Amino acid sequence: MENLGIGIQLMIVGMLTVFCILLIVINLGKLLIKVVNAVAPEEQVAPKKAAAASAPAAAIDATTMAILEQTVSQLTGGKGHVASAKKI
Amino acid sequence: MQEILEKLWDMTALSSIGAQPTFLIMYLLAFVLLYLGIVKKYEPLLLVPIAFGVLIANFPGGGMGVIQADPNGMVLVNGVEKNIYEMPLHEIAHDLGLMNYLYYALIKSGLLPPIIFMGVGALTDFGPMLRNLKLSIFGAAAQMGIFTVLLVALLAGFTPQEAGSLGIIGGADGPTAIFTTIQLAPHLLGPIAIAAYSYMALVPVIIPLVVKLLCTKKELKINMKEQDKLYPNKTEIKNLRVAKIVFPIAVTTIVAIFVPTAVSLVGMLMFGNLIKEIGADTNRLFDAASNGIMNAATIFLGLCVGATMTAEAFLNVQTLGIVAGGFCAFALSIASGIFMVKIWNLIAKKKINPLIGATGLSAVPMASRVCNEISTKYDPKNHVLNYCMASNISGVIGSAVAAGVLISFLK
């Protein structure tokens, strides 16, 4: 019976602590976002990076086109050609 | 000649296995666990080392089984009673073998679970949680299973320390379960670790089962993105990178102030995450934490936990109780999260898919993936993964805090 008392006490204290800590974490997170929004500059994608990113994308496209071209050509015995390919 | 043959027979493990056939049950258990890990791919990174540890620990004469000290720390070494905590490590290695050296140096000292938490932190993205902070509260509700099973275990005759260790299985977090058990009931480490990791591996089976029992189709079709459009979040994160760097520091500070016993777990989790989020400047540390150190820690943890499961320590009624109780703790944690969402939906305008409550227990990210699969089964466009991750990650913090409370009160 004494153990049961310990169990009930632990359940109440434990659940309350977990809820309180996570509520604090949630509100801390909200506060942190407000402070960061006010203090830190907005995240921006650097144009240099964007240009750099588009270059490999074009290269990948060319490679993909070449693979598609070769596959279609092989499947159709050289009769078929790929006019254009679009990423869906 | 006969004498030589007898000596040869005694040299092999066969004579001892013949005298004590319970070893065969342990081999069978090891083979089943190896099968689940290798063939069924259930948590292979953990089940394989644990299963192999079980196997090598149960060959008589091999000296690879972990010897558990009594509550006073006494063990029998070559017929002499010694206090293992007063024995230097090289003496443990010499007298009790390699596995006992590893166990007492790495596990019993409480070293490896926080190290693994550091690796988990390095592999975790707190972005989904920061974007959906409100959903984190379901990570608290899902800890109910821990305390309910603790209560039931006390009624079943377990000591408070044993009941606490049994209940923590409901946190669905292997390192937390091991860390708590080492502190409270080290003699139960083997069965509790096996139960915790087995149920974590069975998340794809247990979550759908509980969800099917407790949720309606209508509830499971609640589309979180549509709810977001109807009731958009008021705060937008303008610089997520900075927020992600400050968040682990802030959480560690708060947890350290309120529940210092949970700091070894939460602190290391957040440290791992911090070195990940800082980026290029700490990339080498991140790489070490998430690869080399994490992998080495996982190997030693798995092998040592497996080696605690010797036939005499494992084959008893208490182990069956732990296996059954662990399942209840796990299922109850999932159910509590679901019920919390149901209550929330009664009050709030913005409805929440109950699957987000079901992921309030840890088991990151498998629980979220499983719940996403369930939701897309009912509506192929309803992807809840990011929302589930919010409660899933907060569940890790929640279970570590619950462990901290148990250790503070019961140690």
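Good morning. In this predicted model, 18 residues of domain 1 of chain B are in contact with 17 residues of domain 2 of chain B. On the domain 1 side, the elements that give two or more residues to this contact are α3 (22-38), α4 (44-57) and α6 (98-107) of chain B. By class, that side has 13 nonpolar, 4 polar and 1 charged residues.

As for the bounds, domain 1 of chain B covers 2-107, and domain 2 is made up of 112-293 + 308-410. Taken over C-alpha atoms, the centres of domain 1 and domain 2 of chain B are separated by 32 Å.

I turn next to chain A. Its secondary structure comes to 2 helices and 0 strands. Of the 88 residues in chain A, 15% are buried.

How do the two chains meet? Here 31 residues of chain A are in contact with 40 residues of chain B. On the chain B side, at least two residues each are supplied by α9 (138-141), α10 (144-155), α11 (160-167), α17 (240-258) and α24. Which of the elements gives the largest share of the side of chain B that touches chain A? That element is α17(B), with 11 residues. By class, this side of chain B holds 30 nonpolar, 7 polar and 3 charged residues.

Let me now consider two helix pairs within chain B.

From α14(B), the contact takes I206(B), I207(B), V210(B) and L214(B); from α21(B), it takes F330(B), A331(B), I334(B), A335(B) and I338(B). The contact of α14(B) with α21(B) comprises 9 nonpolar residues, with no polar and no charged ones.

The second pair brings us back to α24(B), one of the elements on the side that touches chain A. The axes of α23 (residues 366-378) and α24 (residues 385-410) of chain B come within 9 Å, crossing at roughly 145°. Again, α23(B) passes α24(B) in a right-handed crossing. Here A367(B), S368(B), R369(B), C371(B) and N372(B) of α23(B) meet L385(B), C388(B), M389(B) and N392(B) of α24(B). In terms of class, this contact has 5 nonpolar, 3 polar and 1 charged residues.

That concludes my presentation. Thank you.

Technical notes. Residues numbered from 1 in each chain as written. Chains lettered and ligands numbered in written order. Predicted model: local features only at pLDDT ≥ 70, side-chain atom pairs only at ≥ 80, totals over all residues. Axes fitted to C-alpha atoms, helices over the stretch in contact; angles between N-to-C directions. Helix = DSSP H or I, 4+ residues; strand = E, 2+ residues; numbered from the N terminus. Left-handed = near helix turned anticlockwise from the far one by under 90°. Contact = placed C-beta atoms within 7 Å. Nonpolar A, V, L, I, M, F, W, Y, C, P; charged D, E, K, R; others polar. Domains from an automatic or database assignment. Buried ≥ 20, exposed ≤ 12 C-beta atoms within 10 Å, placed from the backbone.
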